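Work through the exercises below with the sequence and the 3D structure at hand. Each task is followed by a solution in steps.

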Amino acid sequence: MQTNFLIIGSGISGLNFALHAAKKGKVLLVTKKKIIDSNTNFAQGGIAAVLSRTDNAKELINDTLKAGSFHNKKSAVKFMVHNSTAAVHRLIDLGVEFEKENGKLKLTREGGHGKRRIAYVGDYTGKEIERILVKRVKEHPNITILENTFALKLITKGKTCYGCQVITKKVENIFADQTILATGEIGQLFLHTTNAKISTGDGIAMAIEAGCKVKDLEFIQFHPTAFKKNIFPKFLISEAVRGEGAKLLNSKGERFIDELLPRDKVARAIYKEGPVFLDISHKSAKELKKRFPRIYETLEKHGYKMEKDLIPVTPAVHYLCGGIVTDLKGRTNIKNLFAFGEVACTGVHGANRLASNSLLEALVFSNQIAKELRKQKTPKLKINKTKLSTKKISKKEIQKLMWHYAGITRDPKLVKEEAIPKLTRILNEIKGSNKDLQEAKNMAIVGLEILKAILKRKKSLGCHFLKKL
Ligand SMILES: Cc1cc2nc3c(=O)[nH]c(=O)nc-3n(C[C@H](O)[C@H](O)[C@H](O)COP(=O)(O)OP(=O)(O)OC[C@H]3O[C@@H](n4cnc5c(N)ncnc54)[C@H](O)[C@@H]3O)c2cc1C
């Protein structure tokens, strides 16, 4: 197969980029399950931007830097924030109907934000964004979608990318003028996560194998309030619930933290405090059902009524602040290879992401290169054939190891002496190739890079927290 733009991933970043690229040439969008299987589809809270007269860019920049412990790349933060209003309006123009009041956008607040500045659709903002983007992509004559197509390995020679090997029913080569990694998150490396099952770190692993620079992998954000039940992935109770006044209570019924501090601080406080509950019983069932329909329904299914019950919550892996190093236009250090969305490290999040900045980042950066996109003539390379194995593998061992050694608090001695040797052994034992084996391999490759990054950062910073010994 041959195309101008090969996009791997169908979340907000891949779909948005596809709409731009389709104006310049033929687009092939591959995605490993159904088109809507993405973390974008899970996003609840909303998208942050400068959207009201009482807000300004300087304040959102400052809140982003403060949440990120000032480890952020300031130029990238400024760039994102200055393009934030236009990015939200692009979604509106494409057909996303954010909540409104008296004809104006209705805004909510989340942890770390000094203002109400988050545009939202109920508690299913991501689902609505995904629905509209998928609709627009499906309508476009220049875009071909291949579902159930697993990206296996980037095709590179020297420091240039020529496309990607994929698994459909067999291994096939797709040659492309430009290849775009929009493969999202890594949460499935850990035992407890809010991330969708697709989040096995494939894009980062492929990039590492191809020689891409990666950065800040130790900064893994734990969401403070996942529903404490045996559900996999863990069901998230959006920060917007605290934004609307929910309190965090310990087993004595006492408050122990300011609920709207940045996530790293709240997550650690919950972890330390023991059993913790969310209390939003000051709101009526009617109000809650209207504002948080999906959360209300899910909790009710598990026997909890938000208007009267205390909801048990626990931190869970939620977001990777680091990733493949890119510039403001999504370029990696490999020619013709781009990365957008959560797989990329633009530097905006620093050591801890500010709530609702990730949909914004994915959108703003995948908008930028659009004007410069060009078709090129890419030579076909001769590639060795890969035979598929029928073996299956359990990923539980990796998930338990990462949760234990790279969780909320980390002990560098144990990471060095136990975690790295164990994970290296697991990686070396994975032989053969198929989708299942490759996911496990990818998890181990990315896991090892995370462990090495933990060792390199000698002091606690943001969501990287070393055990006090
Ligand atoms: C529960 C939850 C709630 C969230 N709430 C918010 C929120 O309110 N606001 C906010 O800003 N952010 C939120 N986030 C974060 C945000 O949703 C993500 O950061 C963002 O959607 C990532 O978009 P993306 O395009 O980078 O990747 P994704 O949306 O994760 O899409 C990745 C795509 O890549 C595909 N893929 C992966 N590997 C392969 C492969 N090997 N081959 C082919 N395809 C592959 C997947 O199938 C998928 O289609 C939330 C995240 C979660 C999990």
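An axis is a line fitted to C-alpha atoms, for a helix over the stretch in contact, and angles between N-to-C directions run from 0 to 180 degrees. The model is predicted.

**Exercise 1.** Describe how helix 2 and helix 3 cross.

Solution. 
- Step 1. Locate the helices: helix 2 covers residues 57–67 and helix 3 covers residues 74–82.
- Step 2. Their axes come within 9 Å and cross at roughly 135 degrees.
- Step 3. Classify the angle. Over 145 degrees would count as roughly antiparallel, and 65 to 115 as roughly perpendicular. Helix 2 is therefore oblique to helix 3.

**Exercise 2.** Which residues make the contact between helix 2 and helix 3, and of which classes are they?

Solution. 
- Step 1. Helix 2 contributes Ala 57, Leu 60, Ile 61, Thr 64 and Leu 65.
- Step 2. From helix 3 come Val 77, Lys 78, Val 81 and His 82.
- Step 3. Sorted by class, the contact has 6 nonpolar, 2 polar and 1 charged residues.

**Exercise 3.** Find the order and the edge strands of the open sheet of 4 strands.

Solution. 
- Step 1. The strand order is 13-16-15-14, and the pairing is antiparallel.
- Step 2. Strand 13 (220–227) and strand 14 (247–249) each pair on one side only, and these are the edge strands.
- Step 3. Ignoring direction, neighbouring strands of this sheet are turned by 45 degrees against each other on average.
- Step 4. Val 276 has Val 313 of strand 16 as its bridge partner.

Terms used
Residues are numbered from 1 along each chain as its sequence is written. This is a predicted model: local features need pLDDT of at least 70, side-chain atom pairs count only at pLDDT 80 or more; totals for chains, interfaces and linings use all residues. Helices (H or I, at least four residues) and strands (E, at least two) are DSSP runs, numbered from the N terminus. Angles under 35 degrees count as roughly parallel, over 145 as roughly antiparallel, 65 to 115 as roughly perpendicular and the rest as oblique. Two residues are in contact if their C-beta atoms, placed from the backbone, lie within 7 Å. Ala, Val, Leu, Ile, Met, Phe, Trp, Tyr, Cys and Pro count as nonpolar, Asp, Glu, Lys and Arg as charged, and the others, Gly among them, as polar. Two strands pair if DSSP finds at least two bridges between them.
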